[in-house]
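I opened the model to look up charged side chains, their pairing and their cover, and I keep the notes below in the order in which I checked them.

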Amino acid sequence: MADHEHAARWAAEAIRRLDAEREHAPPTPLVRFPLPDGWDVTLWFKDESAHPTGNLKHRAARALFRHAVASGRVTEGASVVEATGGGAALSQAYFARMLDLPYTAVMPGAPDPARAAPVKELGGDCCFVTPPLAVYEEARRLADDTGACYLDQFTWAERTLDWRGDDLAGELFGQLPGPPAWLIVGAGTGATSASLGRHIRSHGLPTRLAVVDPENSAYFPGWATGARDYATGMPSRIEGIGRPRMEPGFLPSLVDLMVTVPDAASVAAARAFRAATGRPVGGSTGTNLWGALHLAAAMRERGERGTVVSLVCDAGDRPLRTVHSDEWARDKDLDPAPFAERIDRLLDGGPWE
């Protein structure tokens, strides 16, 4: 009985810490992306990089840990393992440190000290695995061998993110004067689009949900064909979004439109966002901007008024070494110049071809 009571007290204190972090955090701000004068369309980005860990995955990481503690999957001192290749590792390491839990991120690809450094600075560890699809099996094996909890964001994130109004969805719609015409997001685990889509449906809002998808990702072909087991087996070059397989957290029935975005277009759009706002954003935000411009231009051509909203997923120093670097783009065999010309032409009042 004493052990049970101690475990219950620890769980209650852990959840109190997680809830206090959420309650004391100010709403992330809205950033307006300037469109040409005379347009009846307004474009806003909710800046999720304003979180302490600087990325969209902050809310999901907190929700995952809260659910794992409440479910008894994570207990005092338990090691936590996750399969992740992007900002989720940083956000999860942040909350693992908050709860005094050892944390290991299993990342796809060759060992990369630059990618591992931010996680290690928060007390976590990283191991790298090839091929990319092996990260799931390796994370599960590592958890089984060490008695750790495999956090498994791709299974649990969609179930744990709040969609009733207390977190991202309610905060976003509460900041706007009215429901936007379009809401555009990318898909990593699929949890963000699922939570926003559920909020839209449950509140009977007229907002339509679009998901942007990079090259090599399984989400668009899976959505278009209705194949829940669709897989490409290929990694995304746009960090944070796109998956080599359809993840269980992605709910195609909530998505009104999917827009495929060339990776070079994501790079060009990330640079355009920086030029317009001064914020050095990552590739996933560039993917969002490309999709948002596509839909805003279509509204303009139809003579429609309204608001288009998307998310800043990742901003800071790291994108300066990736999508804002010409050397990085060349190494990835990406030429953003033709797509930058399209963006410039549109923002100068020209057509979106």
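I started at Arg 141, which I noted as partly exposed because its relative accessible area is 38% (buried means under 20%, exposed over 50%, partly exposed in between, with a 1.4 Å probe and protein chains only). Its partner Asp 145 is exposed at 54%, and the two form a salt bridge with their closest N and O atoms 2.4 Å apart (a side-chain nitrogen of Lys or Arg within 4 Å of a carboxyl oxygen of Asp or Glu). Both residues lie in helix α5 (residues 134-146), four residues apart, about one turn of the helix; helices here are DSSP runs of H or I with at least four residues, strands are E runs of at least two, and both are numbered from the N terminus.

I recorded that this is a predicted model, in which local features need pLDDT of at least 70 and side-chain atom pairs count only at pLDDT 80 or more, while totals for chains, interfaces and linings use all residues. Residues are numbered from 1 along each chain as its sequence is written, and side-chain values use heavy atoms, with hydrogens and water left out.

I next looked up Arg 237 and Glu 215, whose side chains meet in a salt bridge at 2.8 Å, N to O. This pair links distant parts of the chain, 22 residues apart, with Arg 237 in the loop between α9 (219-225) and β9 (257-260) and Glu 215 in the loop between β8 (208-213) and α9. Arg 237 is partly exposed at 27%, and Glu 215 is partly exposed at 29%.

Within the structure I noted 23 salt bridges, and one of them joins Arg 59 to Glu 171 at 2.8 Å, N to O. That pair spans 112 residues, from Arg 59 in helix α2 to Glu 171 in helix α7 (residues 168-175). Arg 59 is buried, with a relative accessible area of 4%.

Among the buried residues are Lys 57, His 58, Arg 59 and Arg 62. After α2 comes Gly 72, whose phi is positive, near 80 degrees.
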